[in-house]
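Trainee: Could you take a close look at one part of this model with me? I would like to go through the surroundings of the ligands.

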Amino acid sequence: MRAIESRGTVTIAKQLCKGCELCIPACPPRVLEMSEAHNEQGFPYPELRPGCTGCGACLLVCPDFCFEVFLYREPVAHEVAP
Ligand code: SF4
Ligand code: SF4
């Protein structure tokens with residue numbers, strides 16, 4: 001196991017997502033991955049993995065306003081598989 005720190009988190013309004021994937025490369029630590037599942041409109045949507053910095057890049061790039069971004073007061077540690 002290895003430890004990853006998150007300094008922030010996001011909410012993702014997956015039902016608004018059109019699956020354009022613009023947010024995936026826009027995320028500097030690359031902690032967004034498209035889902036295997038599809039929303040009610042038939043599109044895959046991003047899911048958050050540990051390591052978000054709260055930078056807000058996803059919020060700025062998403063044309064459908066799917067993201068809200070929150071900063072933690074203190075970083076949160078996650079144990080993840082290597
Ligand atoms: S806030 Fe920044 S680090 Fe977190 S998911 Fe969005 S782009 Fe990635
Ligand atoms: S940028 Fe917005 S609409 Fe495009 S895949 Fe990401 S969350 Fe969905």
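Which of the 16 residues around ligand 1 come nearest?

Mentor: Happy to. This is a predicted model, in which local features need pLDDT of at least 70, side-chain atom pairs count only at pLDDT 80 or more, and totals for chains, interfaces and linings use all residues. Residues are numbered from 1 along each chain as its sequence is written, while chains are lettered from A and ligands numbered from 1 in the order in which they are written.

Now to your question. Cys27, Cys52, Cys55, Ala57 and Cys58 come nearest among the 16 residues around ligand 1, where a residue is near a molecule if its C-beta atom, placed from the backbone, lies within 6 Å of it. Strand S1 (2-12) and H2 are the elements that give two or more residues to this shell; helices (H or I, at least four residues) and strands (E, at least two) are DSSP runs, numbered from the N terminus. The shell around ligand 1 holds 12 nonpolar, 4 polar and no charged residues. Here Ala, Val, Leu, Ile, Met, Phe, Trp, Tyr, Cys and Pro count as nonpolar, Asp, Glu, Lys and Arg as charged, and the others, Gly among them, as polar.

Leaving aside neighbours within four places in sequence, Cys58 is in contact (C-beta atoms, placed from the backbone, within 7 Å) with Val10, Cys23, Ala26, Cys27, Leu32 and Phe67. Cys58 also belongs to the largest nonpolar core, a group of 12 residues that includes Cys27, Cys52 and Cys66. Such a core is a set of buried Ala, Val, Leu, Ile, Met, Phe, Trp, Tyr and Cys residues joined through C-beta atoms within 7 Å.

Cys66 sits in the loop between helix H2 (57-61) and strand S4 (67-80). Cys66 counts as buried because 20 other C-beta atoms lie within 10 Å; the cut-offs are 20 or more for buried, 12 or fewer for exposed, and partly exposed in between, with C-beta atoms placed from the backbone. Not counting residues up to four places away in sequence, Cys66 touches Ile12, Ala13, Leu16 and Cys17. Gln15 is 51 residues away from Cys66 in sequence, yet their C-alpha atoms are 8.4 Å apart in space.

How values were computed. Two residues are in contact if their C-beta atoms, placed from the backbone, lie within 7 Å.
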